[in-house]
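Here are my notes on the two-chain model you sent over.

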Amino acid sequence: MEVYRKKLEKQKKICGWISLISFFSIIPIFIICHFNEHAVSLIHVALVALVISLITHSSLKKALKNDEAFKKMYVRDTDERNIQIGKMAANSALFISIGIFIAAAEAARWMNYRAVSLTLSLAAIMVTIIYMLSMAYFRKKL
Amino acid sequence: MEQFRKKLRRRVLLSVIFCLSGLFIYVALIRITGAPEYTKGILFGVLSGSLTVSVFNIFRLMPLLQDEEKLKKAYIAETDERNTLIQKESARTVLSISIMTAALAAIAASFFNPVITLTLSANIILIGIVSIAVTAYYNKKL
């Protein structure tokens, strides 16, 4: 339980840093990108990061202060069934996503959307390569 | 073991059906629709790739069904806890890495090409939706 509390405190700290960085990066982005459309898209990214990190930060803060919420979070995170479901879902989701990427790449090529087709093909290749590398890593580690 | 044998038989049968129906669909599509050269090329590529996989599967699985020793080895390899664990752990890691890489690539691409940014963002959303859907499915199933 104490190890888990430390882990949450660490996560809270990281979330705090991310929200600070994303908040203070908005003005420099405007200056560096000379107020053009790139600045707008980058600011969208910074805002999304800010909102997500703030929400996570507040839920972690609540869990660290309130014993009941902390216990709930602990049970949710360490429950064997939940962990098993997460692993199985990740495994299936990975293969389904690769299949959809390949099918969508073919469809985009058919419709002459060259950039889309290339991006999707590269995404599928990248995911497969990362999968093989991580398989090799876990084979050594486990 | 008997279940595994049945499973392998089903896989061989499915591969054979896939080969035959693939060939039939290819010929029918070419004859009926009078597809242009480019489409013919794509169809041929998809067909030859899937046929190669199916034929490889048939040649790999047939000896297992005839030799008891090989069947036992394949059964152990397929049901080995360590292999399953490695696969699941890898899938989980790969999903997180792919989402992060795609997000970074989308930000980088926003400077050059909005189409690529949109495609990569759609990739991330798709992975998220598939993960949520599969998790909900396993939550009900397990």
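1. Axes here are lines fitted to C-alpha atoms, for helices over the stretch in contact, and angles run from 0 to 180 degrees between N-to-C directions. Helices (H or I, at least four residues) and strands (E, at least two) are DSSP runs, numbered from the N terminus. Keep in mind that this is a predicted model, in which local features need pLDDT of at least 70, side-chain atom pairs count only at pLDDT 80 or more, and totals for chains, interfaces and linings use all residues. Residues are numbered from 1 along each chain as its sequence is written, while chains are lettered from A and ligands numbered from 1 in the order in which they are written.

2. Now the pair itself. In chain B, helix α1 (residues 2-33) and helix α2 (residues 37-66) have axes that come within 9 Å and cross at roughly 155°. That is why α1(B) counts as roughly antiparallel to α2(B) (angles under 35 degrees are roughly parallel, over 145 roughly antiparallel, 65 to 115 roughly perpendicular and the rest oblique). Where α1(B) meets α2(B), the contact residues split into 17 nonpolar, 5 polar and 4 charged.

3. What about B:Phe59, buried or exposed? This residue of helix α2 of chain B counts as exposed because it has 11 C-beta neighbours inside 10 Å. (Buried takes 20 or more other C-beta atoms within 10 Å of the residue's own, exposed 12 or fewer, partly exposed anything in between, with C-beta atoms placed from the backbone.) B:Phe59 sits 9.0 Å from B:Val12, C-alpha to C-alpha, though the two are 47 residues apart in sequence.

4. Buried residues come to 16% of the 142 residues in chain A and 15% of the 142 in chain B.

5. Next, the place where the chains meet. Chain A puts 36 residues into the contact and chain B 35, with "in contact" meaning C-beta atoms, placed from the backbone, within 7 Å. On the side of chain A that touches chain B, α3 (37-65), α5 (80-110) and α6 (114-141) each supply at least two residues. The largest share, 18 residues, is from α5(A). By type, this side of chain A has 22 nonpolar, 9 polar and 5 charged residues.

6. Which residues have the most contacts inside the largest nonpolar core? They are A:Ala93, A:Leu94, A:Leu120 and B:Leu95, in a core of 25 residues. (A nonpolar core is a set of buried Ala, Val, Leu, Ile, Met, Phe, Trp, Tyr and Cys residues joined through C-beta atoms within 7 Å.) Two or more residues each come from α5 and α6 of chain A and from α4 (81-109) and α5 (114-141) of chain B. The most, 8 residues, come from α5(A). Leaving aside neighbours within four places in sequence, B:Leu95 touches A:Ala90, A:Ala93, A:Leu94, B:Ile127 and B:Ser131.

7. Last, have a look at B:Leu142, in the segment after α5 of chain B. B:Leu142 counts as exposed, because it has 10 C-beta neighbours inside 10 Å. Still, beyond its neighbours within four places in sequence, B:Leu142 is in contact with A:Arg81, A:Gln84 and A:Ile85.

Technical notes:
Nonpolar A, V, L, I, M, F, W, Y, C, P; charged D, E, K, R; others polar. Contact = placed C-beta atoms within 7 Å.
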